[in-house]
Amino acid sequence: MAQKVRVRFAPSPTGGLHLGGVRTVLFNYLFAKKHGGDFIVRIEDTDQSRFVAGAEAYIFDCLKWCGLTPDESVLHGGQYAPYRQSERKAIYRQYAEQLIKDGYAYYAFDTPAELETMRELLKTKGSSSLQYDHHVRMNMNNSLRLLPEETQQLLDAATPYVIRIKISPDEFIPFTDMIRGDINFDTNAVDDKVLLKADGMPTYHLAVVVDDFLMKITHAFRGEEWLPSAPVHILLWKYLFGLDNMPEWAHLPLILKPDGNGKLSKRDGDRLGFPVYAMDWTDPVSNEITKGFKEIGFLPEAFINLLAVLGWNDGTEQEIFSEEELIEKFSIEKVHKGGAKFDFEKAKWFNHEWIKKLDVEHYAARVKEIFKSNGIAIADDHYLNKVMHLVKERCTLLPDFYTQGSFFFQAPVTIDTAAIKPKWDDRKNLFFIELVKAWQLSTLWESTDLELSFKEIAAANSLKTGELMLPLRIMLVGGKFGPGVFEIAAAIGKKATIARVEHTLSLIE
RNA sequence: GCCGCGUUGGUCAAGAGGUUAAGACGCCUCCCUUUCACGGAGGAAUCACGGGUUCGAGUCCCGUACGUGGUACCA
């Protein structure tokens, strides 16, 4: 690659940032970083009717959380600013006019009602296509059919118009996709797409080509849903800037619903009980909150990891990748062609793996917040670190630190005495009374000391330790879970241990 | 309807003409642990179908089916 690699993610600020969107960012980012290139974020806000307040800032928040920092964007600046298409409005018109001058585009004055009539007519005629194309354009109200003076008159009278690309029939548009190989499109199937809208804004088709050229984009990655309109973009490149300057294309596979069919959508997440957006998204109109991966307790490392391997695989058995490893190993050619169904169970497994190896110091603050929201204020950071080490391998989501570790900070609220009672008897009761006495006097409070004295007393009473450990556990943690009992006793200390044993003893009486 | 793209266990997937068709998630059994988890061992389960090409096809070609995307003055 002779030129410096430059890629872009070009979202529309219309709502929450979807899994698929983040993956598109990720693949762009990985490719750029691998090749020492730049990653640009361009805001494609050309549809004013779909603009949603706050969506743009939200997108950048998500990127920040994921650790995918743009080199250039509305937020990060750059020499190709502005990076918001609405602010580039004036730029696009000249290219549209240029196309008209060169005979590749034309003015169209058709009203929405007229377009509707055309489609109705096509439908009744049983036409296979309802498109505005070479079959119908000479029957429409446009500068191709009108006399030049008539067109000028309409223009002078400020008649609303759009500019459409003029697609010639019977041509083939070949191009190479980095993932899919050679693809050939028949122009007979492509319509005269609107390039410039009546409000003066460009459509995606014009804007993407113009901006990719102006911003010197070398590789353009986007979702597979764009494949059918690729010939329009290629034609635009040919007419405007030359095919030699066109970026290389890669159309990414879709992320599909886990069940049923179709693209994964926010609604599927709501329905099936898992997030689809990277972070919580609050709809500014309805105030409805849609849960995000961040908030339910995913680690960004895990989120990135699971997205990377959804539609990509390095050919080895490795599944856990750090961002550095992904940058090193990623290759666009190994991205799959087919869509992948999203599996939340596997997503959780990735998070579990990352939590097992998480840096306790780094996540202490977040975990502290989780405890706090559950009514436990943690003052001792050192103790928290210890607890996190003890329980992290049994946490799948960050809030599990609370469910798995709350008893380290406060006595269990509910105690599963039902699990003890059936096998309870006086001998066991006596054992625990004796144990409390012994521990009361003990000056040593390491888990090994506790285990030793526990076993000695059990042996002295001819009781099996196994039958006593479960009751002890339940006294200390409230249920049948958690790390080793003696480690727990050692951690919570003499006072709490004895208090909890005595409390449960009184409950069983 | 038309056009495009796709199709290896339930899911993610390795596989680039010759393999006993990897691995992971999930599920099941067992071991470890008298908790839960981790870890370990094992198990059930797959090349959509039909034709070719070839000595030989999951791999190449052609159909069919199915899926998916597009078919907007949305991106």
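This dialogue walks through a few features of a predicted model.

Me: What should I know about the numbering and the model before I start?

Reply: Residues are numbered from 1 along each chain as its sequence is written, while chains are lettered from A and ligands numbered from 1 in the order in which they are written. The model is predicted, so local features need pLDDT of at least 70 and side-chain atom pairs count only at pLDDT 80 or more, whereas totals for chains, interfaces and linings use all residues, and side-chain values use heavy atoms, with hydrogens and water left out.

Me: How much space lies in the largest pocket?

Reply: On a 1 Å grid over the protein atoms alone, a pocket is an open set of points where a 1.4 Å probe fits, with protein on both sides within 12 Å along at least five of seven lines, and lining residues have an atom within 4 Å of a point. A volume is the space filled by probe spheres set on the points, which are joined across faces, edges and corners. Here the largest pocket holds about 1,100 Å³, and of its 38 lining residues the closest to the centre are Ala-10, Pro-11, Ser-12, Glu-225 and Trp-226.

Me: Which helix gives the most to that lining?

Reply: Helices (H or I, at least four residues) and strands (E, at least two) are DSSP runs, numbered from the N terminus. Helix 1 gives the most, with five residues.

Me: At what angle do helix 13 and helix 14 pack?

Reply: Axes are lines fitted to C-alpha atoms, for helices over the stretch in contact, and angles run from 0 to 180 degrees between N-to-C directions. Helix 13 (residues 360-373) and helix 14 (residues 381-391) pack at about 105°, with their axes 10 Å apart, which makes helix 13 roughly perpendicular to helix 14 (65 to 115 degrees).

Me: Where do Pro-82 and Ala-158 lie?

Reply: Most residues other than glycine have a negative phi, and most peptide bonds are trans. The bond from Ala-81 to Pro-82 is cis, with omega near 0°, and Pro-82 lies in the loop between helix 2 (55-66) and helix 3 (89-101). Ala-158 has a positive phi of about 60° and sits in the loop between helix 5 (148-156) and strand 4 (162-165).

Conventions:
Parallel < 35°, antiparallel > 145°, perpendicular 65-115°, else oblique.
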